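Colleague: I would like to learn how to read a model feature by feature. Where do we begin?

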Amino acid sequence: MLYCSSFDCQKCPRLSEFRSQNKQKFTSYHNGPVESFGDLSAAILIVGLAPGLHGANQTNRPFTNDYAGDILYPALKKFGFARGNYGKVKNDGFELINVRVTNSVRCVPPQNKVTADEIKACRPYLQAEIAAMPNLKIILSLGSVSHGAVLQALGYKKSAFKFAHGAEHKLFNHNIILIDSYHTSRYNINTNVLTAEMFDKIISRLTELL
Ligand code: URA
C-alpha cells in the first residue's frame, strides 16, 4: 500500500475505534484504509469523501458496492473512462481509463461524516498520491469536503476557491484544473440536488479539458 496509510493506522482515534467495532461486526469486510483505484499514470484524479461502511470499507475499492458508485462508474464508462462490467466487487475486472479514484479520508467514518482533524491526518496520503501522478491534469472533487481537502493538500487556503457545482479552478501554483461536482450520494440524487444529466455534463467536460 505505497500511497496509503498502514493497514493498522492509528492516526485518528475515532476512526480506529470504529474500525475495531466493524472488525467484530463485519468479519468478512476489508475494515482498513481503502486503496485508490486506477493507474498512477492517469491524467484525472477523482476525489470522494470517505469509504462507505458497506461499500469501499467492505470491498477495498473506492465507491464499490456503494450507491455513489452506481452513479459514478456507469457515467465514467459512458464517456470512455472505463471498460468492463462494474460488478460491485474488487475483482470484477472493471478497469478505469486515464482516471484514478481516491478519497479525502481513507477509513470509513461513523455516519459518513469526517472531522477536520481526520482530513488533516489523512492529508499526507492525498499529497503523496497527487505527487505520484506525473501526468495529472485534472482533479474532480466530489462534494465540498473533497474540494477543501484537495486545496489544503496542495497548500491553498480553502477560501482561495469557492466550491460550486461545475466550477473550474485553475490552481495557479500547479498545472492542474480543479473541477467541482456535487457528490454522487444517494441523498443528493434522491433530492435532485444532482441528477444523472448534471453529472454526465461534468464527466463529458473532462473529455474536453484533456
Ligand atoms: N464511497 C467512497 O469510496 N467514497 C465516497 O465518497 C462515497 C462512497
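**Reading the features**

Modeller: Begin with helix α1, residues 13-25. Its 13 residues, at 1.5 Å a residue, should span 18 Å, and the end C-alpha atoms are 19 Å apart, which agrees. Keep in mind that this is a predicted model.

Colleague: Which residues of α1 are buried?

Modeller: The general idea comes first. An α-helix has 3.6 residues a turn, so residues three or four places apart point the same way. Now the case here. Leu15, Ser16, Phe18, Arg19 and Asn22 are the buried residues of α1. Seen down the helix axis, the buried residues of α1 fall within an arc of 160 degrees, so they line one face.

Colleague: What do the buried residues of α1 pack against? And which residues are exposed on the other side?

Modeller: The packing partners are α2 and α4. On the other side of α1, Pro13 and Gln24 are exposed.

Colleague: Next, α5. How many of its 10 residues are buried?

Modeller: Buried means under 20% relative accessible area. By that cut-off, seven of the 10 residues in α5 (144-153) are buried, so the helix is mostly covered. The buried set is Ser146, His147, Gly148, Ala149, Val150, Leu151 and Ala153.

Colleague: What covers them?

Modeller: Look at the packing. After α5 comes Gly155, with a positive phi near 90 degrees.

Colleague: Which residues other than glycine have a positive phi?

Modeller: Asn60 is one of them, with phi near 60 degrees. Asn60 sits in the loop between α2 (56-59) and α3 (67-78). Asn112 is another non-glycine case, with a positive phi of about 60 degrees. Its loop runs between β4 (99-103) and α4 (116-131).

Colleague: Are these two asparagines buried or partly exposed?

Modeller: Take each in turn. Asn60 is buried, at 9% relative accessible area. Asn112 counts as partly exposed, at 48%.

Colleague: Now the cysteines. How many disulfides does the structure hold?

Modeller: Check the sulfur distances. A disulfide needs two cysteine sulfur atoms within 2.5 Å. The structure holds zero disulfides. For Cys12, the closest cysteine sulfur is in Cys9, 6.2 Å away, so it is too far for a bond. For Cys122, the closest is in Cys12, at 6.4 Å, again too far for a bond.

Colleague: Are Cys12 and Cys122 buried or exposed?

Modeller: Cys12 counts as buried, at 12% relative accessibility. Cys122 is also buried, at 7%.

Colleague: Let us turn to His169. Where does it lie, and which side chain does it join in a polar contact?

Modeller: Read the place, then the burial, then the partners. His169 lies in strand β6. With a relative accessible area of 8%, His169 is buried. A polar contact of 2.8 Å joins its side chain to that of Asp180. Beyond neighbours within four places in sequence, the contacts of His169 include His147, Phe161, Lys162 and Ile176. Ile177, Leu178 and Asp180 are in contact with His169 too.

Colleague: One last feature: Asn91. Is it buried or exposed?

Modeller: Asn91 counts as exposed, at 69% relative accessibility. It is found in the loop between β2 (82-83) and β3 (95-96).

Colleague: How many residues separate Asn91 and Tyr187 in sequence, and what is their distance in space?

Modeller: Compare the two scales. Asn91 and Tyr187 are 96 residues apart in sequence. In space they are 28 Å apart, C-alpha to C-alpha.

Key: Residues numbered from 1 in each chain as written. Predicted model: local features only at pLDDT ≥ 70, side-chain atom pairs only at ≥ 80, totals over all residues. Heavy atoms only, no water. Buried < 20%, exposed > 50% of the residue type's maximum accessible area, 1.4 Å probe, protein only. Helix = DSSP H or I, 4+ residues; strand = E, 2+ residues; numbered from the N terminus. Polar contact = N/O pair within 3.5 Å; in protein donor to acceptor, adjacent residues only side chain to side chain. Contact = heavy atoms within 4.5 Å. Expected span 1.5 Å × (residues − 1). Arc of directions from axis to C-beta.
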